[in-house]
Amino acid sequence: MAIEITMPALSPTMEKGTLAKWLVKEGDTVESGDVIAEIETDKATMEVESIDDGTVAKILVAEGTDDVPVGELIAILAEEGEDVKDVDTSSSKPKAEKEEAPAPLPAPKEDPDQQETVFTGAATSSKDLRDPEVPEGTNMVKLTVREALRDAMAEEMRKDGDVFVMGEEVAEYQGAYKVTQGLLDEFGPERVIDTPITEHGFAGLGAGAAFTGLKPVIEFMTFNFAMQAIDHIINSAAKTRYMSGGLVQCPIVFRGPNGAASRVGAQHSQNYAAWYANVPGLKVIAPYDAADCKGLLKAAIQDPNPVVFLENELMYGESFEVPELDDYTLPIGKARIFREGADVTIVSYSITVGEALKAADMLAEEGINAEVIDLRTIRPLDLDTLIESVKKTNRCVIAEEGWPQCSVASDVSAQLMEQAFDWLDAPVTRVNSVDVPLPYANNLEKAAVVSAADIVKAAKAVCYAE
Amino acid sequence: MTTKKSTTKSGAPARRRTAKPQQYKASNDELLEFYEQMLMIRRFEEKAGQMYGMGLIGGFCHLYIGQEAVVVGIQSALKKGDSVITGYREHGHMIVSGTDPKAVMAELTGRSGGCSKGKGGSMHMFDPENGFYGGHGIVGAQVSLGTGLAFAAKYRKTDNVSVAYFGDGAANQGQVYESFNMARIWNLPVIYIIENNQYAMGTSVSRSSSEVELYRRGESFRIPGKQVDGMNVLEVRAAMDEAVKHCREGNGPFVLEMKTYRYRGHSMSDPAKYRSKEEVQKMRAEHDAIDQVKQRILDAGFKDEAELKELDKKVKAIIADAATFAQESPEPNLSELYTDVLA
């Protein structure tokens, strides 16, 4: 059998090239690995090696020929033991088409069922998700957000030996913000691990451990420092399941305070919710009160996917009622209607839920009955709950401590416009932080972040009630 | 390919000295297995290069031709439960880990029969059952991840080790040193294999590295290192045996610098103008890993030229089957677009 040599593609984009030079002539013997020709592509001159042993029976494209299409027959080799003269070259006409190239992918739109899901990839159907029943008479305990988070980790660590906590100052120092207080005493240094200041390294180390099925809880002292580690959160943790066709898991939680604290300046005061929420393969949670922090952190640790869990330093010391239940776990991807109302929907998450609730009180005094929804999970987004609310109120304001462009608020606004347009009586309105790096001066910082007054103003505007 | 004296630029001795490289005493069967595995990688890669040329393989495609002795020698020293991770030049690592060449080749062609169902491609292949954890395209990322695999082995109180392969280029990434530091603090059982093929894409080690003796990169973390002739599979294996023993006994990480060479460009579209033809030719002619083992076999006399030719034919047939499978396997069903994003 003669061996056909075709014009090779030598870059991802090459369609044709110049056969610059033959380094063999008819009758030469070649071995696999011998350079037989030089080819100029759009980018460079490349050497072409033979991958077979044999004798050059026929050269079909002369050197110096321009625009030889990829896939065209350029030479024929006689195999060992085959007589060069017996090689039939007459039928082997140069072929221009890339016969062996794979057929182009059919466009996805051919499948209407799949088309539908394209635009809602980040959303989830929340209909089957429900907060657990809290039986009547359940004792409620007052816990700080800090204690609720600690309890969530401790409960999961008691249940599952594969769960460990790692980060800067999480063990002996008892947590830079005391969130991991007491964990070292209970679980020991093998499961509560102080790292060097090395975010990129320990985020990657955690992801690698999670590939084997361990369930790391990686604490960032703040999410501002996770910028050093974001490559592993996105490229290693979020994408590996997909890239491996489902063979490799990454059940990991990245947690820590996110957003502005108090007068710590621009580099320590950023909200990353929109950044992570942009990434398929991640779940992103940003709860507000202590019960949600506990129930959702437990759910995050139990979840087989990588979860980014965004806390808020200013909330750590705030106290809330938490139901005293064994294994109080909340569903990821389910928003919470914090306060029911009929006139306008105020959507928020994390610390800004507090401002939204204040705004609702202020609006009530003016006769506007606001519904307040806490997203709790940013990805997957509970659009169903939002749409149901907008069907009732016909107006929506989204309040978020974070910059306006490409924000969570922008996305919620776009999704409501696409999916609830017919129910809207006013433009969906975003209330975001001012579009500047966060300043240090007390008055400037206050002016930059979202306040209840900002939300009231926007709500009145969409109610045409100025 | 001789090992340089372990001294600093100022002439001071290195912090940790390891024994001089040894030659592993392979049995005839082992020698033949090394030969067959290296040949399998080379034929596979030649075929992959050809299929890339035919437009059957897309995107980036980084061939391992020339470096075969490294992965074959290293993997031969491992046992079940050990884990392996590398960068994007990984076809050979997959095959030697025990993955069917058909599944590897079909991944290159982006077909449903590929080991990642066609969703990973040349750079993203995984076989966790055989301890292979990818397949990572961000240069240096596998070093932190591989350190995490070692963490898991220690956390579970096994005596398994993790092998993290990376190149001379990745050796200049910051996270490599973050990982070295943690691995040594916690004495994690990780063996860092620096595949020094002497060019990070087009930049030679001497242009990119202030310390070109890469086996010494662990010294300031008190990690022992050894420089090895990576073209000699027996030296690779002997050095790996030493490193594995060190790790399994709980002594923490080890660095092995493999002096090796890739014959082809960095990727399929690299014309490799940064080095001379003579340099490549000299390596192929004088140091080729497969030729060296072949010569040993012939010298030992337990197989003759004709028998090795038969073996070559057998390997070629396996690769030909893989190539056929990779072209006949259908493209992934469109529904696969949406699967495996989340569990």
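**Exercise 1.** In this predicted model, work out how helix H5 of chain A and helix H5 of chain B pack, and which residues make the contact.

*Solution.* 
- Step 1: Start with the geometry. H5(A), residues 230-238, and H5(B), residues 141-155, pack at an angle of about 80°, and their axes are 11 Å apart.
- Step 2: Anything from 65 to 115 degrees counts as roughly perpendicular, so H5(A) is roughly perpendicular to H5(B).
- Step 3: Now find who touches whom. H5(A) brings A:Asp231, A:His232, A:Asn235 and A:Ser236, while H5(B) brings B:Ala141, B:Ser144 and B:Leu145.
- Step 4: Sort these by class, and the contact comes out as 2 nonpolar, 4 polar and 1 charged residues.

**Exercise 2.** Take the UniProt feature at residues 2-78 of chain A and describe its span. Then see how chain A is divided into domains.

*Solution.* 
- Step 1: Look up the label. The unreviewed UniProt entry calls residues 2-78 of chain A "domain: Lipoyl-binding".
- Step 2: Check the make-up: this span is 0% helix and 53% strand, and its end C-alpha atoms lie 5 Å apart.
- Step 3: Finish with a distance. The C-alpha centres of domain 1 and domain 2 of chain A are 56 Å apart.

**Exercise 3.** Describe the span of the UniProt feature at residues 37-334 of chain B.

*Solution.* 
- Step 1: Again, get the label. An unreviewed UniProt entry gives "domain: Dehydrogenase E1 component" for residues 37-334 of chain B.
- Step 2: Read off the make-up, 45% helix and 12% strand.
- Step 3: Then take the ends: the C-alpha atoms there are 35 Å apart.

Definitions and conventions:
Residues are numbered from 1 along each chain as its sequence is written. Chains are lettered from A and ligands numbered from 1 in the order in which they are written. This is a predicted model: local features need pLDDT of at least 70, side-chain atom pairs count only at pLDDT 80 or more; totals for chains, interfaces and linings use all residues. Axes are lines fitted to C-alpha atoms, for helices over the stretch in contact, and angles run from 0 to 180 degrees between N-to-C directions. Helices (H or I, at least four residues) and strands (E, at least two) are DSSP runs, numbered from the N terminus. Angles under 35 degrees count as roughly parallel, over 145 as roughly antiparallel, 65 to 115 as roughly perpendicular and the rest as oblique. Two residues are in contact if their C-beta atoms, placed from the backbone, lie within 7 Å. Ala, Val, Leu, Ile, Met, Phe, Trp, Tyr, Cys and Pro count as nonpolar, Asp, Glu, Lys and Arg as charged, and the others, Gly among them, as polar. UniProt positions are given in the numbering used here, feature names are shortened, and annotations may be inferred rather than shown by experiment. Domain bounds come from an automatic or database domain assignment.
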